[in-house]
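Please go through the two-chain model shown below with its sequence, and read the notes that follow against it.

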Amino acid sequence: MTAGLAAATVAAADLSGRGGPGFLSPTGAEVAFVLIGLVVLGSALLVVTTSQIVHAALWLVVTLGGLAAEYLLLTAEFIAWVQVLIYIGAVVVLLLFGLMLTRAPIGRSTELDSLKRWPAVLVAVGATATLLTVVVDAFHSAYLDLGKTDDGSARVTGESLFRVWVLPFEVLSVLLLAALIGAIVLSRGRADADGKGR
Amino acid sequence: MTVVEVLVRLALVLAAFLVFPLVIGQTEHKVMGHMQARVGPIYAGAFHGWAQLVADGVKFAQKEDVVPAGADRRVFRLAPAIALIPYMVVLIAIPVGSGDLVGRSIDAGVFFVLAVMGVGVLGSLMGGWASANKFSLLGSLRTAAQLMAYELPMLLAGASVAMAAGTLSLTGILGQWEWWWLPWQAVGGVVFFTAGLAELQRPPFDMPVADSEIIFGAYTEYTGLRFALFLLAEYAGILVLCALTTVLFLGGWHGPWSDDLGWLWTLLKTGVLAFVVIWLRVSYPRLREDQLQKLAWTGLIPLALAQLVLTGVVRVAIA
């Protein structure tokens, strides 16, 4: 999934020059965008191919951090910091916590090479192809003038979120609330079954 | 902004990062030495033991840099840098005085500082895991559990100030600040400072490094300069936390004669808070793991939510 996203961002970088000032004289920001995209792609590949499970989680940090840098280059400053805060600061820490709590051996673990590898590759390629098609179709002539726009500032993001997209936003928060309550119910139910419920 | 100006600002931030954590470390030696009547830290070099810091530096530099045989070498060596660098990055966004006295004014400043501070904890996690030591792994687990519990109240308290000011930018928040925000945001300030202490694993929240149980937690296997870097990260963390609390809740550079002496007010408030951090270390016993979790989930989070409600109500009332 992350590999697919990374490929899509790289493709978007190549295409971003098309509608505006053209391909052959890329600006510094565009070059940086493509280079960071390559780092994201490479680290995402390492996440799924490394045979050391904690290293996979650490490469995921590089992938997600690279994506945050891509957001920054696209002037989406607010989204970039939220990406760092939520994905690196919380999700990866939770992931590492779970790994250390269960098993996190140092060195290679052979059982990570499972037979499900090929179906997984198939799904990843399919997702990448779909995303690429959609992104290319939607944005192939879009051009973002980095010098003039502040489309990604907290003010603009907040206004569009709470004026235009307020219904999806509220529906999403109901979904998260349902997940939260579900988690509480599941954990309490198990405690009761053990005879140790409160 | 010209290239030269950017470089000068970055150099100044780097200088602050190199000087102030050491000042805090030296102050801790002296304050603890006097408060607990310890002879060691106030002996070296005669006058209040001024040479202790130098002696410590020489000691750390002399020690052999040992990597345990069973360790994951690369991750083990990288961990101290991951722990230290985020605090340096955060300093860029903290305004020191009125006007343009800030490394770089960032539009989503509150999010920037909290996001980057959270990255530093990865250093402890990596170090603890890569050490191939059960005590280290336990320390890492406690670090992670503590971070997850205290990140939320810290964010909520920060959000309360951002809501009051109507901006996420740290310079913008200080531009809006009035003296009556002190009582208005007081609860949020206490929550922020407490949660920040827990995130830095400072006493009384030092369960992850509890020396009487798990030796020194994630840092047990570290020696020499790498260990010193972890310690430096702790002091840099104190600096960042105190400066942030000053900016968000104590009005930063606001004060009498703030047009000329604003930077002095920031330093003074930060210094007083740093003294409080040290004071808490020598006067409070360590909280147990279950007490830690309980304090965060049943104490600080409801308080932070109540502060958010209060902020919202007052904002609507005065609008």
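Residues are numbered from 1 along each chain as its sequence is written, while chains are lettered from A and ligands numbered from 1 in the order in which they are written.

Where pLDDT is low, the predicted coordinates should not be read in detail.

A residue is called buried if 20 or more other C-beta atoms lie within 10 Å of its own, exposed if 12 or fewer do, and partly exposed in between, with C-beta atoms placed from the backbone. The table sets out the two chains in these terms.

| Property | Value |
|---|---|
| Elements of chain A | 7 helices and 0 strands |
| Elements of chain B | 13 helices and 0 strands |
| Buried residues in chain A | 23% of 198 residues |
| Buried residues in chain B | 50% of 319 residues |

Among contacts in chain A between residues at least 6 apart in sequence, 73% join residues at least 24 apart; for chain B, the corresponding share is 77%. The C-alpha trace of chain B spans about 65 × 45 × 45 Å along its principal axes. A compact globule of 319 residues would have a radius of gyration near 20 Å, and the 20 Å of chain B agrees with this; the radius is taken over C-alpha atoms, and the globule rule is 2.2 Å times the number of residues to the power 0.38.

Two helices of chain B can be followed in more detail. Helix α6 (residues 134-165) of chain B has 32 residues and reaches 46 Å from its first C-alpha to its last, close to the 46 Å expected at 1.5 Å a residue, where the expected span is 1.5 Å times one less than the number of residues. In α6(B) a kink of about 30° lies at B:Tyr150, shortly before the proline B:Pro153, the bend being the angle between axes fitted to the seven residues ending at a residue and the seven starting there. Of the 32 residues of α6(B), 25 are buried, so that this helix is mostly covered. Just after α6(B), B:Gly166 takes a positive phi of about 75°.

The 14 residues of α9(B) should span 20 Å at 1.5 Å a residue, and the end C-alpha atoms of α9(B) are 20 Å apart, which agrees. Because 11 of its 14 residues are buried, α9(B) is largely enclosed by the rest of the structure; among these buried residues are B:Phe192, B:Phe193 and B:Leu197. The cover over the buried residues of α9(B) includes α6, α11, α12 (258-283) and α13 (289-318) of chain B. Just after α9(B), B:Gln201 takes a positive phi of about 60°.

Most residues other than glycine have a negative phi, and most peptide bonds are trans. Against that background, some loop positions of chain B deserve a note. The peptide bond from B:Pro203 to B:Pro204 is cis, with omega near 5°, and B:Pro204 is placed in the loop between α9 (186-199) and α10 (211-214) of chain B. B:Ala37, in the loop between α1 (3-35) and α2 (52-62) of chain B, has a positive phi near 55° and is exposed, with 8 other C-beta atoms within 10 Å. B:Ile215, found in the loop between α10 and α11 (224-249) of chain B, has a positive phi of about 65° although it is not a glycine, and B:Ile215 is partly exposed, with 16 other C-beta atoms within 10 Å.

The contact between the chains takes 22 residues from chain A and 27 residues from chain B. On the side of chain A that touches chain B, the elements giving two or more residues are α3 (53-73) and α4 (77-102) of chain A, and α4(A) gives the most, with 15 residues. By class, this side of chain A has 19 nonpolar, 2 polar and 1 charged residues, where Ala, Val, Leu, Ile, Met, Phe, Trp, Tyr, Cys and Pro count as nonpolar, Asp, Glu, Lys and Arg as charged, and the others, Gly among them, as polar.

Notes
This is a predicted model: local features need pLDDT of at least 70, side-chain atom pairs count only at pLDDT 80 or more; totals for chains, interfaces and linings use all residues. Two residues are in contact if their C-beta atoms, placed from the backbone, lie within 7 Å. Helices (H or I, at least four residues) and strands (E, at least two) are DSSP runs, numbered from the N terminus.
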